[in-house]
Amino acid sequence: MEKYELQKLRDLPIEGVAERLGLRVSRHKCLCPFHDDHHASLSFKVSKNTFRCFVCDAKGGTIDLVMRFLNKPFREACRWLADENCIILDEWKPAAIEQKPFDASRYERFFERPWLNEEARRFLFDERRLDARVVRWCRLTSWRDRQGTPWLQTPYYDREGRLVGVQNRNLVRGATPRFRFPSGSQCGIYNLPVLNLLKPGDELYITEGCSDCWAMLSAGHKAIAIPSATLLSQKDVELLKSLNSSPYGGELEGGFSFHMFPDRDEPGERLFLQLQEVLPSLEHHQLPPGCKDFSDYYLMTRQPPAASAPQPDG
Ligand SMILES: [Zn+2]
């Protein structure tokens, strides 16, 4: 395995990795899965991208966390991290069946007539309060595997509307793995077809991950999502750069502008700075206190006022 590939896995935000493993992270802490813990003894150091338990002294980085938690040897842990985050590792590409490029014809028909099962409707409309028109535009659909596990299926299209990848999200709360991608899926920048709708003077919001993108779209903005800065392929970087310098792009007067509400934490700010290198005119918007990401903010604007506010009778 190449050194830079390993570094990509080590650079994955460790709290995100923990969450994908099903750990509940809050204020950079969680219950330690390596001893019988009742007090959130495991803490994350975001600046060093490491974890450490102050009771049992389990510690390390992203790969160590996966190795210990899933009880996998080093290479398998790396592979799990790569698959979960849709990183293509050179060394693993030629493995017999996975050599196959993404076979869009196997998946296209699922998105022609999207169907949302009960779990998907609960997730999208009750929990996330998304606009039904957005869910239709994104052609979200759902299915159930042989074990009965419900999955939300998100298609990734390129700018020309060709299906290039599929993300499956496990709809069972806390289940692992949370995401699965069919072999060869290219889940880079999400919602690229929206670029064809941009007009001079428009605002384009850049979000992190599909969920924030759906919230942004539901709030009435045009938006694309990137997986995270460490996962941006060179091709994606080129695409963003081309947006910036296209006839309508950010560098020219009357062009469209780029906006972002970074997650309210250190990785969020780091991502903003990294993107700003590609899109120098990217505008920073601050989330209000108590909202860790745009989805939170969106929900806050959609939910009834807190208990302290006067409520209508009944
Ligand atoms: Zn521990």
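User: Which element gives the most to the lining of the largest cavity?

Analyst: Empty space inside a structure is looked for with a probe: rolling one the size of a water molecule over the atoms shows where such space is left. In this predicted model, strand S9 gives the most to the lining of the largest cavity, with three residues.

User: Which elements give two or more residues to that lining?

Analyst: Strand S9, residues 203-208, and helix H8, residues 210-218, each give two or more residues to the lining of the largest cavity.

User: Which residues line the largest cavity?

Analyst: The lining is made of Ile206, Thr207, Glu208, Asp212, Met216, Met260, Phe261, Pro262, Asp263 and Phe294. By type, the lining of the largest cavity divides into six nonpolar residues, one polar and three charged.

User: What volume does the largest cavity have?

Analyst: The largest cavity has a volume of about 50 Å³. The search counts one cavity of 30 Å³ or more.

User: Now to salt bridges. How many does a search of the whole structure find?

Analyst: To read a salt bridge, look for a side-chain nitrogen of Lys or Arg within 4 Å of a carboxyl oxygen of Asp or Glu. A search of the whole structure finds 10 salt bridges.

User: With which residue does Asp57 form a salt bridge?

Analyst: The partner of Asp57 is Arg52, and their closest N and O atoms are 2.8 Å apart.

User: What about the salt bridge between Arg162 and Glu160?

Analyst: The side chains of Arg162 and Glu160 meet with an N to O distance of 3.3 Å. Arg162 has a relative accessible area of 51%, so this residue is exposed. Glu160 is exposed too, with a relative accessible area of 58%.

User: Which residue forms a salt bridge with Asp293, and is Asp293 buried or exposed?

Analyst: Asp293 pairs with Lys292, and the closest N and O atoms are 3.4 Å apart. The accessibility of Asp293 is 14%, which falls under the 20% cut-off, so Asp293 counts as buried.

Terms used
Residues numbered from 1 in each chain as written. Predicted model: local features only at pLDDT ≥ 70, side-chain atom pairs only at ≥ 80, totals over all residues. Heavy atoms only, no water. 1 Å grid on protein atoms, 1.4 Å probe; cavity = no way out; pocket = protein on both sides within 12 Å on 5 of 7 lines; lining within 4 Å. Points joined across faces, edges and corners; volume = space filled by probe spheres on them. Helix = DSSP H or I, 4+ residues; strand = E, 2+ residues; numbered from the N terminus. Nonpolar A, V, L, I, M, F, W, Y, C, P; charged D, E, K, R; others polar. Buried < 20%, exposed > 50% of the residue type's maximum accessible area, 1.4 Å probe, protein only.
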